[in-house]
Amino acid sequence: MSKRAELEDIHLKHDLLGSIEVGILILDRKFHVQLWNQFMENHSGLTPNAVRDKCLFDLFEEIDRDWFTKKCDPVFALRSPAFIIWEQRPYVFKFNAYRPITSQSPHMYQNVTIFPLTSLSGEVEQICVVIYDVTLEAVSKQRFLSVNTQLQKMSRTDGLTGLYNRFYWEEMCELEFKRAKRTEQFSSLIILDIDHFKNINDTYGHPAGDLVIKTMAKIIKTAIRETDVAGRYGGEEYTIILPNTEAKSAKMVAERIRRLTEAFPVEYEGIEINFTISLGISMLDMSYDNYTTWIERADKGLYEAKERGRNRTVMSK
């Protein structure tokens with residue numbers, strides 16, 4: 001075939017495929033481009049003549065050569081199609097997303113199908129790569145997942161403090177109770193509340209009381225490990241699960257929280273509000289029948305701390 005005839009053949013194929021809303025390219029075994037449709041031209045800015053017989057990886061450096069080659073090897077060798085979905089890899093070609101409805105995405109999300117083209121001799125010398133623009137679907141799914149994640153977070157988080165709410169914290173407490181009993185490992189629980197909190201509200205007002213509650217939550221977060229589970233149990237009461245922690249270490253954590261609270265008053269409208277906390281601790285006993293007994297023992301320690309004059313930690317027995 002002459003060069004002119006070859007070019008006419010390319011343009012004929014280009015025109016036939018021009019109206020298709022997917023990207024189509026044909027590659028030989030060396031990944032040289034043999035066909036490039038209008039979709040690919042529009043989104044890449046490269047004409048069929050510019051890419052003809054050029055290596056795909058030289059034209060698009062963003063394509064991971066080793067990864068793409070491994071994807072294509074079974075297509076050549078086994079004559080079986082290969083599929084790439086955007087959840088696995090957002091795109092093969094880094095094209096911009098132009099549709100207004102998907103403008104929140106900086107790039108086009110793509111699903112890709114790679115299938116073999118068998119010659120008259122029965123050999124697979126070329127493969128066809130089909131690029132589907134799935135940006136709308138991808139962005140919609142991501143938005144849905146984001147909203148769902150936010151709803152899940154809201155359902156288990158206390159709105160004022162950002163700690164877990166009582167319902168979710170008790171779920172975590174039950175799970176930790178079962179885990180610790182099954183593995184026979186130490187685990188401790190702290191219950192604390194703010195001393196004379198009603199006086200704070202009555203003296204300075206509820207906004208000041210809310211600020212004290214939020215500050216207390218921040219102190220707890222700074223004093224515990226990432227593996228510990230803190231929650232707002234209700235009102236001015238807080239709970240903390242300390243996995244893999246025996247009584248002595250739990251008391252050290254409790255005392256650290258108590259001292260931090262005592263040392264850092266809350267400033268509200270130019271007024272310093274000093275406050276203290278009382279804490280009860282219970283280390284999990286393997287004889288407990290359920291997690292509520294564990295909570296009750298820690299609560300007993302908190303009650304004793306209040307009875308002894310507040311601003312102290314009591315280990316429940």
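**Note on the aromatic contacts and helix packing of a predicted model**

1. Phe 76 is buried, having a relative accessible area of 8%. This residue belongs to a model that is predicted. Phe 31 is likewise buried, and its relative accessible area is 7%. Both values fall under 20%, the limit below which a residue counts as buried.

2. The structure contains 12 aromatic pairs. One of them joins Phe 31 and Phe 76 in an edge-to-face arrangement, with 6.3 Å from centre to centre and 90 degrees between the planes. Phe 31 is located in the loop between strand 1 (23-28) and strand 2 (33-36), while Phe 76 belongs to helix 5 (residues 65-78), so the pair ties together parts that lie 45 residues apart in sequence.

3. Phe 31 and Phe 76 are also members of one aromatic cluster, together with Phe 57, Trp 67 and Phe 68.

4. The C-alpha atom of Tyr 233 is separated by 10.0 Å from that of Tyr 168, although the two residues are 65 residues apart along the chain. Tyr 168 is part of helix 7 (residues 166-183). Tyr 168 counts as buried because its relative accessibility is 16%, and the cut-off for a buried residue is under 20%.

5. Helix 8 (residues 197-204) packs with helix 9 (residues 206-223) at an angle of about 140 degrees, and their axes are 7 Å apart. The two helices are therefore oblique to each other; an angle would have to be over 145 degrees to count as roughly antiparallel. Helix 8 contributes Phe 197, Ile 200, Asn 201 and Tyr 204 to the contact, and helix 9 contributes His 206, Ala 208, Gly 209, Val 212 and Ile 213. By class, the residues of this contact comprise 6 nonpolar, 3 polar and no charged.

6. Val 253 is found in helix 10 (residues 247-263) and, with a relative accessibility of 11%, counts as buried. Apart from neighbours within four places in sequence, Val 253 is in contact with Ile 190, Ala 223, Ile 224 and Leu 242. As for Arg 182, which is 71 residues from Val 253 along the chain, the C-alpha atoms of the two residues are separated by 25 Å.

Definitions and conventions. Residues are numbered from 1 along each chain as its sequence is written. This is a predicted model: local features need pLDDT of at least 70, side-chain atom pairs count only at pLDDT 80 or more; totals for chains, interfaces and linings use all residues. Side-chain values use heavy atoms; hydrogens and water are left out. Axes are lines fitted to C-alpha atoms, for helices over the stretch in contact, and angles run from 0 to 180 degrees between N-to-C directions. Helices (H or I, at least four residues) and strands (E, at least two) are DSSP runs, numbered from the N terminus. Angles under 35 degrees count as roughly parallel, over 145 as roughly antiparallel, 65 to 115 as roughly perpendicular and the rest as oblique. Contact means heavy atoms within 4.5 Å. Ala, Val, Leu, Ile, Met, Phe, Trp, Tyr, Cys and Pro count as nonpolar, Asp, Glu, Lys and Arg as charged, and the others, Gly among them, as polar. Rings of Phe, Tyr and Trp (its six-membered ring) pair if their centres lie within 6.5 Å; planes under 30 degrees apart count as stacked, over 60 as edge-to-face and the rest as tilted. Buried means under 20% relative accessible area, exposed over 50%, partly exposed in between (1.4 Å probe, protein chains only).
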